[in-house]
Amino acid sequence: MESISVFEIIKVGIGPSSSHTMGPWNAASAFIRIIKRERSIEDVKEVFLEFFGSLAKTGIGHGTDIAGMLGLNGEDYKTINTTKIDEKIDYIKSTQTINLGGEKVIPFIYGHHLILNMKKSLDFHPNGMIFRAVFEDGTELVQDFYSVGGGFIASQEKNSIEKQCVRTIYPCHKASDIAKYCEKLGLKKISDLIFINEESWRTQEETREEALYIWQQIKECIYKGVNKEGILPGGLNVSRRAAGINRKLLGDKIYKNKDEWFQQVVDAEENFTNINKWIACFALAVNEENASFGRIITAPTNGASGVIPAVLMYSQAFTDSISDDDIVRFLLVAGEIGTLFKKNATISAAMGGCQAEIGVSSAMAAAGLTEILGGSVGQVLMAAEIAMEHHLGLTCDPIRGLVQIPCIERNTMGAMKAITAANIALESDPAKAKVTLDEVIQTMWETALSMSDRFKETSEGGLAIAVNVPEC
């Protein structure tokens, strides 16, 4: 089995959805590379893109069509000026052209060259799409892609696209592997094992730098979220709430940048109610940014991107684990737990419902927090198990296909459960646990397979149907 770096699970992304935005964007970019490898961009006359299944049914609300067009246009979601996205899409639609790969302008008519096929699903995966390039000589190049969660893409021929297969020195494909190698090597912390394995991709110093870069991006995202008010896009008229909570908690305190703001949070009055509100505020801030095409940290998905930032920010503001080393170890352990779900179950809501997103992120956060609060190897794994155990069966039923209701609030719940799971694990003896992390991952996968497709990011069941929201 292929090893996965923690930074493939926790990484810079763009809202509103890793599977429905980042995945299609990555697929479009991959298709451009395939064209260049097989022929040439200059030889292309037209390009067609058709989305199927869940990608089509919730595509408008998730920005799937936008992602596909921007990817074909040669844009990179890691660097694009997010304030210019609407302008770029308006230009493509109004001129009925696209600058393929940023190299050649060709005709592109929305609804003809890009189609959302809501009546058909591809067999391989619910998040399917087909790209077709027509060349000047009349020949065609066709490629299927599937967005399998967390921004990862695959085809029927390859389980992963254009990735170098890596096998770490101590491959950890199950939680039992982590426990086995920690015992074998005499390691008291899981993060020490992950540091060793991550050297298959980069040096330990580079690993530290990447983790601290992600921490800075997390703070930047939360800071943006707590300083923006107004209505989220999409037509549901959902109001941003993080800014109002932030303002009430800080009162008349003044800050000029994210570091000054963070210090004000640290210095704020600490009691259970206030800390509880801060955790909710952190999660809301990230997911409100995510819902508005903001740049966020995918962990392990965009729909669940507020959980780990909220718990990590909580640890830095309200516990004694406040060093750079703690931040690095938190993220390494959280990311490693995410890889276990990716390998043995799913991190795609279209495959497993919201248990695959909020549930996984909560398990990741619980493990990371337990690690830096002094938990043993067994307690860290136990915390992840507890967090997921209480998300089993959670459906994905976004109202009108938008990553807003109930998605944004679910991140606050996932963060709270992660902290509770960590606290329970720290006071428990893992040897007496009745359920292992590997068993709960298997149960989560079996639950996913049994769940009706109506509750897997199709907006055809649950709240998406029960709540009647009139079109604006």
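Predicted model: local features only at pLDDT ≥ 70, side-chain atom pairs only at ≥ 80, totals over all residues.
The chain splits into domain 1 (18-155) and domain 2 (175-200 + 202-466), with bounds taken from an automatic or database domain assignment. Residues are numbered from 1 along each chain as its sequence is written, and side-chain values use heavy atoms, with hydrogens and water left out.

Taken over C-alpha atoms, the centres of domain 1 and domain 2 sit 30 Å apart. Domain 1 puts 25 residues into the contact and domain 2 puts in 22, contact being heavy atoms within 4.5 Å. About 1,700 Å² gets buried between the two domains, 59% of it on carbon and sulfur atoms; that is the accessible area (1.4 Å probe) lost on putting the two parts together, summed over both. On the domain 1 side, Ser18, Lys57 and His62 lose the most area, together 24% of what that side buries.

As for specific pairings, one salt bridge turns up across the interface (a side-chain nitrogen of Lys or Arg within 4 Å of a carboxyl oxygen of Asp or Glu). The side chains of Lys57 and Glu460 form a salt bridge at 3.2 Å, N to O.

Helix 2 (18-38), helix 3 (53-57), helix 4 (59-62) and strand 7 (140-149) each give at least two residues to the domain 1 side, and helix 2 has the largest share, with five. These elements are DSSP runs numbered from the N terminus: helices are H or I, at least four residues, and strands are E, at least two.
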